[in-house]
Amino acid sequence: MALKKKFISYGKNVYGKEEINAVIKTLKRTTQMSSNVNLFERKLCKFFSKKYSLMVNSGTSALILAIKIFDFPKNSEIITPGLNFGTAVSSIILNDLQPVFVDIERDTLQINPDIIEKRISKKTRALLIPNLIGNIPDWIKIKKIAKKYKLKIIEDCAESHGVEYKGKKVGSIGDVGVFSFFSNKTITCGEGGMIVTNSFKLAKKARLLKNLAYGIKNRFMHSDIGFNYRMSNISAALGLGQLKNISSKLKEKKRIYSRYKKNLKNIKGIKIPKIKDRTSNFIMWLFNIYLEKNFPISRNELVKILEKKGIETRNAFVPINKQKVLIKKYKTYKRYNCINSNYIMNNGFYLPSGNNITNQQIDKICKIISTIALKSK
Ligand SMILES: *Cc1c(COP(=O)(O)O)cnc(C)c1O
């Protein structure tokens, strides 16, 4: 389909000179060895104040690896929210483990910590919890539960680059933090991911497994069953370019958020997720809203109207416990009903938030929405 001239993408980020030059420089070098990757890792360790950071080729690879390095017994259970990206459930199942689902709080979109304890069984080993849309769940309660039941915490920060919790950048809360650098994320390499941890043991294991577990004495006598999850040096060049002006990138995201919020906060039937005090330096990944019952038309109708005007949006995730392919395969999935996650699935969506969207474009989008809101139901 040909794109309309005035088309506004939901999340396209454009690269600047820094990134383009870094890639060209890499391509001109005679080798494609991993020097950029190593440098990117070192810089990100500093940025996130972590001892170890490991670059991989996607956020999904990072999640699979982050779970793998704990060596949980087969069929152990990992608790995760219903409203989550599909990759959470894939990474659990691909590790021969079982996901167990907990609903979210409707106002913050974060996992409801009061339900977690009810879902803990003898087989529970870990909590896989995202800082969804850049908002922060109630980590105080969550950490208490993790301590009480000796559970590991895997913190998914794919949507929360640069956000802080109690003055520290996200990625520091769990035993392991996972990031994505996919093209619509706040920092991007096109495709890419990262694991951060302060544990030498976990970092060592992840480093081995991400690179085919090559043998030390004899390279081709592999010391374990490994993956090739390496990031390319070209992707790392893009990432390094992005890091050079990271503060302006984060500022841009804040501009987009404030502009939408100012325009939409008093509109009947529009809900903007609540940001609790525990979140500092809040950066909303993509601007996310959901419609309440008193909005005159449905989410699907609104999205269609916007699409006709060349404005691309993305619907909220389909909760991972509602995935048909999984329900068919795993009988236990029918047990879970995450009411708030389902509500967001049907009523939530993201407005365009790529780094090149202008204030005028944002105003135009909000005007369309507010005009519709004024119509009586
Ligand atoms: C984007 C995302 C990921 C990882 O995505 P990749 O596309 O594999 O890099 C993981 N979790 C969440 C919550 C995400 O939004």
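Which residues are linked with Arg 207 in a network of salt bridges? The partners of Arg 207 in this network are Glu 41 and Lys 210. Keep in mind as you look around that this is a predicted model.

Let us begin with the charged pairs. The count of salt bridges comes to eight. One of them is formed by the side chains of Glu 41 and Arg 207, with 3.3 Å from N to O. Glu 41 sits in helix 2 and Arg 207 in helix 7, so this pair ties together parts that are 166 residues apart in sequence. Glu 41 counts as buried because its relative accessible area is 6%, under the 20% limit. Arg 207, at 36% relative accessibility, is partly exposed. Helix 7 covers residues 200-210. For a sense of distance, the C-alpha atom of Arg 207 is separated by 19 Å from that of Gly 239, which is 32 residues away along the chain.

The side chains of Lys 205 and Asp 71 meet in a salt bridge of 2.6 Å, N to O. This pair connects distant parts of the chain, with Lys 205 in helix 7 and Asp 71 in the loop between helix 3 and strand 2, 134 residues apart. Lys 205 is partly exposed at 23%, whereas Asp 71 is exposed at 54%.

## Patches on the surface

Now turn to the surface. A patch of positive charge gathers there from Lys 25, Arg 29, Arg 42, Lys 43, Lys 46 and Lys 244. Helix 2 (residues 35-47) gives the largest share of this patch, three residues. Lys 46 lies in helix 2 and counts as exposed, at 73% relative accessibility.

There is a nonpolar surface patch as well, made by Tyr 15, Ile 20 and Ile 24 and covering about 240 Å². Ile 20 belongs to helix 1 (residues 17-28). With 44% relative accessibility, Ile 20 is partly exposed.

Most residues other than glycine have a negative phi.

Asp 96 is found in the loop between helix 4 (86-93) and strand 3 (98-102), and is partly exposed at 45% relative accessibility.

## Cysteines and a buried isoleucine

How many disulfides are there? The count comes to zero. Cys 189 is in no disulfide, and the nearest cysteine sulfur, that of Cys 45, is 15 Å away. Cys 189 is buried, at 2% relative accessibility. Cys 338 is buried as well, with a relative accessible area of 2%.

Finally, look for Ile 362 in helix 13 (residues 359-374). Ile 362 counts as buried, at 0% relative accessibility. Its C-alpha atom is 7.8 Å from that of Ile 256, although these residues are 106 apart along the chain.

Note on methods: Residues are numbered from 1 along each chain as its sequence is written. This is a predicted model: local features need pLDDT of at least 70, side-chain atom pairs count only at pLDDT 80 or more; totals for chains, interfaces and linings use all residues. Side-chain values use heavy atoms; hydrogens and water are left out. Patches are made of residues with over 30% relative accessible area and no salt bridge: like charges are joined within 9 Å, nonpolar side chains (Val, Leu, Ile, Met, Phe, Trp, Tyr) within 5 Å. Accessible areas come from the Shrake-Rupley method with a 1.4 Å probe; for residues, only the protein chains shown count as cover. A salt bridge is a side-chain nitrogen of Lys or Arg within 4 Å of a carboxyl oxygen of Asp or Glu. Lys and Arg count as positive and Asp and Glu as negative; His and the chain ends are not counted. The place of a charge is taken as NZ of Lys, CZ of Arg, CG of Asp or CD of Glu. Helices (H or I, at least four residues) and strands (E, at least two) are DSSP runs, numbered from the N terminus. Buried means under 20% relative accessible area, exposed over 50%, partly exposed in between (1.4 Å probe, protein chains only). A disulfide is a pair of cysteine sulfur atoms within 2.5 Å.
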